[in-house]
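Okay, thanks for coming, everyone.

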Amino acid sequence: MSDAALPAQASPEADILSALGIRSIVLVGMMGVGKSTIGRRMAARLKLPFVDADTEIEAAAGMTIPEIFERHGEPHFRDGEARVIARLLDGGPVVLATGGGAFMREDTRSRIAAKAISIWLKADHDVIMRRVRRRADRPLLQTADPEGTVTRLLTEREPVYSRADITIASRDVPHDRIVDETIETLYAHLCGESTSQPPADVASAVR
Ligand code: S3P
């Protein structure tokens, strides 16, 4: 039999894509948990476009996020963020990385629930602090006590992030390992099976 006559090779990625239909994959979670890095790799694996909500907000506003906060304030940023995410969800399926505060809005959560599968990348305080120290462009962390601010934001936000469809533990292991776990968990969530036995030390939690 020639190769052309063989059936297309089934793969978890292909099954995920067909189970998704027109729905997107939306990554939520705190600043510094790796939503863009993991999202970009997930998109490449699934052969879907990757979009970063923060980048799209900056393009729509014609200014950077710190500039939006400084000139117009956080409520204005949040309204723009909700509008941009609504538009991006209408253009699915995509893999969408959202800014850390986006999932806190009820209207955005409802839109995500209707049009996407949500994934919370969950990292602990120390991992977040180590990562956010590398960049100074997050207006919410320009405070006298960034550690205290992260603690407060985690307390406020974690109960809300936990409403995402899937939770994945983001930690200091190679990115591809987190991507593998996310694909595996997504497959189990959408297709009702596991692709393989998860490694014993995997701390990812699935709901
Ligand atoms: C924010 C997170 C940022 C950005 C803005 C506000 C937040 O995005 O949207 O600075 O409220 O947590 P990242 O989570 O991509 O850093």
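Let's start with helix 7, whose buried residues pack against helix 8. Keep in mind throughout that this is a predicted model. Helix 7 runs over residues 125-132, and because 6 of its 8 residues are buried, it's largely enclosed by the rest of the structure. If you want to click through them, the buried ones are H125, V127, I128, M129, R131 and V132.

Now hop over to helix 8, residues 146-161, and look for R157. Is R157 buried or exposed? Buried: its relative accessibility is 5%, and the cut-off for buried is under 20%, so it counts as such. What does R157 touch, once you ignore residues up to four places away in sequence? The list is M30, M31, R78, G100, G101, M104 and L140.

R157 also turns up in the record. UniProt, in an unreviewed entry, has a "binding site" feature at D54, R78, G100 and R157. And on the model, the lining of the largest pocket takes in D54, R78, G100 and R157 from that set.

Let me take D54 next. You'll find D54 in helix 3, which covers residues 53-61. D54 has a relative accessible area of 26%, so we call it partly exposed. Setting aside neighbours within four places in sequence, D54 is in contact with I65, F77, E81 and G99.

From the side chain of R78, an N or O atom sits 2.6 Å from an oxygen atom of the ligand. For R138, again with a side-chain N or O atom and a ligand oxygen, the distance is 2.8 Å. G101 comes in through its backbone, with an N or O atom 3.4 Å from a ligand oxygen. How much of the ligand's accessible area does the protein cover? On its own the ligand has 390 Å², and the protein covers 94% of that.

One more annotated position before I move on: S36, which an unreviewed UniProt entry also covers with "binding site". S36 sits in helix 2, residues 35-46. With a relative accessible area of 24%, S36 is partly exposed. Not counting residues up to four places away in sequence, S36 touches F50, D52 and A97.

Last stop is helix 6, residues 106-115, where I'd like you to find T108. T108 is at 2% relative accessibility, so it counts as buried. Beyond the residues up to four places away in sequence, T108 touches A82, I85 and A102.

K115 is in helix 6 too. Here the relative accessible area is 33%, so K115 is partly exposed. K115 and V26 are 89 residues apart along the chain, and yet their C-alpha atoms are separated by 9.4 Å. And which residues does K115 touch, leaving out those up to four places away in sequence? R23, S24, L89 and D90.

Notes:
Residues are numbered from 1 along each chain as its sequence is written. This is a predicted model: local features need pLDDT of at least 70, side-chain atom pairs count only at pLDDT 80 or more; totals for chains, interfaces and linings use all residues. Side-chain values use heavy atoms; hydrogens and water are left out. UniProt positions are given in the numbering used here, feature names are shortened, and annotations may be inferred rather than shown by experiment. On a 1 Å grid over the protein atoms alone, a cavity is a set of points where a 1.4 Å probe fits but cannot get out, and a pocket is an open set with protein on both sides within 12 Å along at least five of seven lines; lining residues have an atom within 4 Å of a point. Helices (H or I, at least four residues) and strands (E, at least two) are DSSP runs, numbered from the N terminus. Buried means under 20% relative accessible area, exposed over 50%, partly exposed in between (1.4 Å probe, protein chains only). Contact means heavy atoms within 4.5 Å. A polar contact is a pair of N or O atoms within 3.5 Å; within protein, one must be able to donate a hydrogen and the other to accept it, and residues adjacent in sequence count only if both atoms are side-chain atoms. Accessible areas come from the Shrake-Rupley method with a 1.4 Å probe; for residues, only the protein chains shown count as cover.
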